[in-house]
Amino acid sequence: MKGQKLLITGAAGFTGRHAVHLFLAGGAEVTAVVRPPSTAGALPSALFPEGVKVYYCDLSNRKAVAEMIKETAPEAVLHLAGNNSVPESWRNPLLFMETNVMATLYLLEAMRSLPTSRILVVGSRLKFKPGVVAGPPHPYSLSKTIEELVSLAWGTLFKQPVLLAEPCNLIGPGPSTGFCSLLAQHIVRSEVHVGEEIPPFKLSSRYALRDFLDVRDAVRAYDFILREGTNGTIYQIDSGTQRQLGDIAEQLISRSSASISMDWGPAQAALSIPVNGVAGDKLITLDAFATPEDNVSSLGWKPGIEFSQSLTDILDYCRVNWEGRML
């Protein structure tokens with residue numbers, strides 16, 4: 001995307017920071033969209049590299065979004081902003097509809113003034129498939145499902161160049177609240193507070209399977225999609241390898257000489273996991289209900305960072321920010 005004007009929403013987040021660095025290094029004119037200081041606090045001075053334009057915008061404000069698009073006139077948009085906490089979605093479901101659905105609609109509507117500019121909306125594997133399951137497992141899933149539906153519909157109805165991406169679980173160095181980063185923070189706390197009693201890190205199940213991909217590889221995939229993707233397509237992004245949570249935990253723990261307190265969860269390998277209130281006879285994840293139309297590998301992308309390197313980088317990041325504090 002060399003020389004193109006790229007707008008990145010959610011730029012201060014875990015994925016957003018990596019996206020800003022990658023696209024800037026690739027020669028794009030990057031505008032990083034962040035929440036206004038009154039709601040997000042002051043940004044660290046070194047959050048973005050030199051050459052990045054920072055634009056403060058409340059994406060839940062329709063007029064503010066329209067003004068942002070008018071002022072920046074991007075040739076492409078990478079839409080990463082939104083809320084992704086499942087527990088928080090139960091406490092404040094309307095907030096998730098506003099930030100994940102309405103904010104996306106405001107952005108799509110504003111982009112109608114730029115009919116040739118592409119927008120990539122990053123969705124979630126935690127969506128549900130209406131008609132296949134009884135209903136969403138949580139409000140977050142509902143919000144991301146509706147976000148995907150309206151994005152595809154807006155592109156069809158108004159002939160907009162809209163694309164979607166569905167990444168698997170993203171890991172890597174940075175301020176993540178994902179499983180690997182949370183465990184790495186627990187390990188570093190154990191290293192710093194040697195001899196002190198630290199509550200154990202609890203696994204829901206050491207046998208649960210997940211696909212993890214380095215966030216830096218995911219951002220490269222977004223670049224492929226924006227440059228080469230077909231409008232109206234949902235691109236799945238994954239490593240292609242399912243890993244047990246217990247095995248991952250053991251790999252992280254092996255990188256430390258400290259004594260790490262763990263609660264490994266149920267001992268049995270075969271679990272009956274309720275999905276949408278119905279218990280199955282085998283381990284089921286919501287990934288099974290995702291039905292993307294294509295895989296980003298069809299565009300020539302493939303992962304480039306080894307899983308072991310991702311784990312090392314996560315621990316190194318947390319050790320620099322001791323006690324798991326995130327910049």
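Is Asp-214 buried or exposed? Select it first: Asp-214 is buried, because its relative accessibility is 2% and the cut-off for buried is under 20%. The model on screen is predicted.

**Stop 1**

Arg-216 counts as partly exposed, at 24% relative accessibility, whereas Asp-214 is buried.

**Stop 2: along helix H8**

Next, select helix H8, residues 215-228. Within H8, pick Arg-227 and Asp-223, which are four residues apart, about one turn of the helix. These two form a salt bridge, and their closest N and O atoms are 3.2 Å apart. Arg-227 is partly exposed, with a relative accessible area of 35%. Asp-223 is buried, at 15% relative accessibility. Elsewhere, select Lys-127, Glu-148 and Glu-166: salt bridges that share partners join these three into one network.

**Stop 3**

Now select Asp-238 and Arg-125. Their side chains meet in a salt bridge of 3.5 Å, N to O. The two residues are 113 residues apart, so look for them in separate loops. Asp-238 sits in the loop between strand S10 (234-237) and strand S11 (242-244). Arg-125 sits in the loop between strand S5 (118-122) and helix H6 (139-157). Asp-238 counts as buried, at 13% relative accessibility, and Arg-125 counts as buried too, at 7%. A search of the whole structure finds 13 salt bridges, among them the Asp-238 and Arg-125 pair.

**Stop 3: the sheet**

Switch to a cartoon view and pick out the open sheet of eight strands. The order to follow is S3-S2-S1-S4-S5-S6-S10-S15, with parallel pairing. Strand S3 (53-56) and strand S15 (294-295) stand at the edges; each has a single partner strand, so one side of each is left without a neighbour in the sheet.

Inside the sheet, select strand S1 (residues 5-9) and strand S4 (residues 76-79). S1 and S4 run parallel and are joined by four bridges.

**Stop 5**

Bring back H8. This helix lies across S1, S4, S5, strand S6 (162-167) and S10. Against S5, H8 runs at about 145 degrees.

Which angle do helix H1 and H8 make where they pack? Select helix H1 (residues 14-25): H1 and H8 pack at about 60 degrees, and their axes are 9 Å apart. That angle makes H1 oblique to H8. H1 passes H8 in a right-handed crossing.

Show side chains to see the contact. From H1 come Phe-14, Thr-15, His-18, Ala-19, Leu-22 and Phe-23. The H8 residues they meet include Val-215, Val-219, Tyr-222 and Leu-226.

**Stop 4: Ala-73**

Finish at Ala-73, in the loop between helix H3 (62-72) and S4. Ala-73 is partly exposed, with a relative accessible area of 29%. Leaving aside residues up to four places away in sequence, Ala-73 touches Lys-5, Met-68 and Leu-114. Lys-5 lies 68 residues from Ala-73 along the chain, yet their C-alpha atoms are separated by 7.7 Å.

How values were computed: Residues are numbered from 1 along each chain as its sequence is written. This is a predicted model: local features need pLDDT of at least 70, side-chain atom pairs count only at pLDDT 80 or more; totals for chains, interfaces and linings use all residues. Side-chain values use heavy atoms; hydrogens and water are left out. A salt bridge is a side-chain nitrogen of Lys or Arg within 4 Å of a carboxyl oxygen of Asp or Glu. Buried means under 20% relative accessible area, exposed over 50%, partly exposed in between (1.4 Å probe, protein chains only). Two strands pair if DSSP finds at least two bridges between them. Contact means heavy atoms within 4.5 Å. Axes are lines fitted to C-alpha atoms, for helices over the stretch in contact, and angles run from 0 to 180 degrees between N-to-C directions. Angles under 35 degrees count as roughly parallel, over 145 as roughly antiparallel, 65 to 115 as roughly perpendicular and the rest as oblique. A crossing is left-handed if the near helix is turned anticlockwise from the far one by less than a right angle, and right-handed if clockwise.
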